[in-house]
Amino acid sequence: MEYIVRTENLSKHFGQEKAVSGLEMKIPKGEIYGFLGPNGAGKTTTIRMLLGLMKPDSGRIEIFQKDLKKERLNILGRVGSLVESPSYYPHLTAKENLEAMRKILGVPKQRIAEVLEIVRLTDAGDKKVKGFSLGMKQRLGIAASLLNNPELLILDEPTNGLDPSGIIEIRNLIKSLPSECGMTVLISSHLLSEIDQMATTVGIVTKGKMIFQDSIEAMRMYAQQSVLIKVSESDKAWRSLLGRGMKAGLDSGIISLPQQSDEQVAEAVRGLVADGFSVYRVEEEKRSLEDIFLQMTREEQAG
Amino acid sequence: MMGKLLAAEFMKIKRKGIWFLTVLGPVGVVAMQMVNYGVRKDYLFGQNDDRWGYYLDNIHSFTPLAIVLGIVILTSFMSSIENETNAWKQLIALPVSKMSVYLSKFTVLMVLLLVSSVLLMLFTIAFGLFLDLGGEIPYSGLLKYSFYPFFAALPVLALQLWAATVSVNQGVPITMGILGVILTYAGFTLPDWLIWKWPLLLNEWNEPLINVLLGIGAGVLLYTAGMIDFARRDVK
């Protein structure tokens, strides 16, 4: 597989504290990679290292299959980024802000109007950024990151400070980028729901270590399913199921069957009905990704 | 790359009042002499037969202070442009080397100070002619007093730029700057090796050119050290 970003044993510490340790990140081409982790897990530090803002203590970073250390300028010309809180020059207008970056990137002037259109800031283009709301500043930052039509877009918490309609807009924009522009996108977030709705690949980091990295489907597989059955006389019903040699749990009047095949569930229901219990509800319980995420990060802390 | 960076830098200093300060400096220096000569022109004319030379000496009594103070304010303004919203991370994530970013900042400051120096020369001539000092205009002296302080102040510029860019707390460079201004003010009594004394163009050999050469030499050294340190640091 062709990896756009690949890190090997990436580590960085600040004094005694290890911010990132032995991180191995692999981002395949054309994916939206959701970089997930609690606050202070090392997401931003990793992103800063990917952009060459910080030097790793050890390890290697390859972007576009080139060594970042050796070909930083070449690589950065093909990368767009928005790191943490948006940076801007408040005394300049939105257009002038983009122009200052455009001059350095050397892209055609019309690109400014294009990116302003993409983030819907065309009307505010001639206003000073000083008076912008946080959401508008964030959009300006996203516009700036798109200026050079990057092959790899790195967005650190891109929906911070946006209102719900803004979040949906940006989400749709990000989703459309791989297919329409052939971009690979790396988005970090501490909100799983955010990542869940955009990402195709997920990397979960906690305490500077990558604890999970795979497709979002693979992560959903972690969501252990169980079947819940609500019946009359649940205590007796539960015992009858156990008597038939089935694995079942009882929790506040509801019987749960962990990880059963369709036939086994059918058999359980048939047995219950045959034993004269009324079956009120049979439902599947899916653990949310939130639960998995919490469990994973907790396990890591315990271990 | 430098051309692009400089174009971007000159764009960023718009509306910051930086150009205004660049003009204000030389205006202020000449305005002091307008007051001086306005109040006691006859007395001053009687002090020395070389009226032009005496006038230039008077102008020069305020130039070093103005240039050191100007450097402190301009470097602080320059770095505030990036520090205000931590735009360093956005700038350095562009395909530019950190050394060229630092060089572009330094170059912009040098250009501003050179513009100030040119303006100082023009204002000095203009007010000198207005005073009708008589005799030939001493062009060599004029050039010397207009541009020598700039070169002699380069180490201060390099030091202040470094302090302003790497300090998270801008109180540090400002404090350094104020101390520097005081040192320049008290320069007459200080030893020759202090860089803040150099813009006064005084030394024990009585040769202002030594200060110019020292200024360029030490300026290059301090600039290089500052640039290397800047490039070495992680961007917060």
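Biologist: What makes the radius of gyration of chain B agree with a compact globule?

Modeller: The rule is 2.2 Å times the number of residues to the power 0.38, with the radius taken over C-alpha atoms. For 236 residues, a compact globule would have a radius of gyration near 18 Å. Chain B has 19 Å, so the value agrees. The C-alpha atoms of chain B fill a box of roughly 60 × 35 × 30 Å along the principal axes. This is a predicted model, in which local features need pLDDT of at least 70, side-chain atom pairs count only at pLDDT 80 or more, and totals for chains, interfaces and linings use all residues. Residues are numbered from 1 along each chain as its sequence is written, chains are lettered from A and ligands numbered from 1 in the order written, and side-chain values use heavy atoms, leaving out hydrogens and water.

Biologist: How do you know what confidence the predictor has in chain B?

Modeller: By pLDDT, the predictor's confidence in each residue, from 0 to 100. Chain B averages 94, and 100% of its residues score at least 70. For the complex, the predictor gives an ipTM of 0.89 and a pTM of 0.87.

Biologist: What makes up the secondary structure of chain B?

Modeller: 10 helices and 0 strands. Helices are DSSP runs of H or I with at least four residues; strands are runs of E with at least two, and both are numbered from the N terminus. Along the sequence, chain B reads α-α-α-α-α-α-α-α-α-α.

Biologist: How many of the residues of chain B count as buried?

Modeller: 51% of the 236. Buried means under 20% relative accessible area, exposed over 50%, and partly exposed in between (1.4 Å probe, protein chains only).

Biologist: What share of the contacts in chain B joins residues 24 or more positions apart?

Modeller: 79% of those with a separation of 6 or more. A contact means heavy atoms within 4.5 Å.

Biologist: Turn to chain A. Why are E1(A) and E2(A) called paired?

Modeller: Two strands pair if DSSP finds at least two bridges between them. E1(A) and E2(A), residues 17-23, have 4 bridges and run antiparallel. Therefore they meet the definition. Lys12(A) has Val20(A) as its bridge partner in E2(A). The two strands form a hairpin with 2 residues between them, and Gly15(A) in the turn has a positive phi of about 60 degrees.

Biologist: Which strand does E1(A) join through 5 bridges?

Modeller: E5(A), residues 58-63, running antiparallel. There, Glu8(A) is partnered by Arg60(A). E1(A), residues 3-14, also pairs with E3(A), residues 26-28, over 3 bridges in the antiparallel sense. Tyr3(A) stands opposite Pro28(A) in E3(A).
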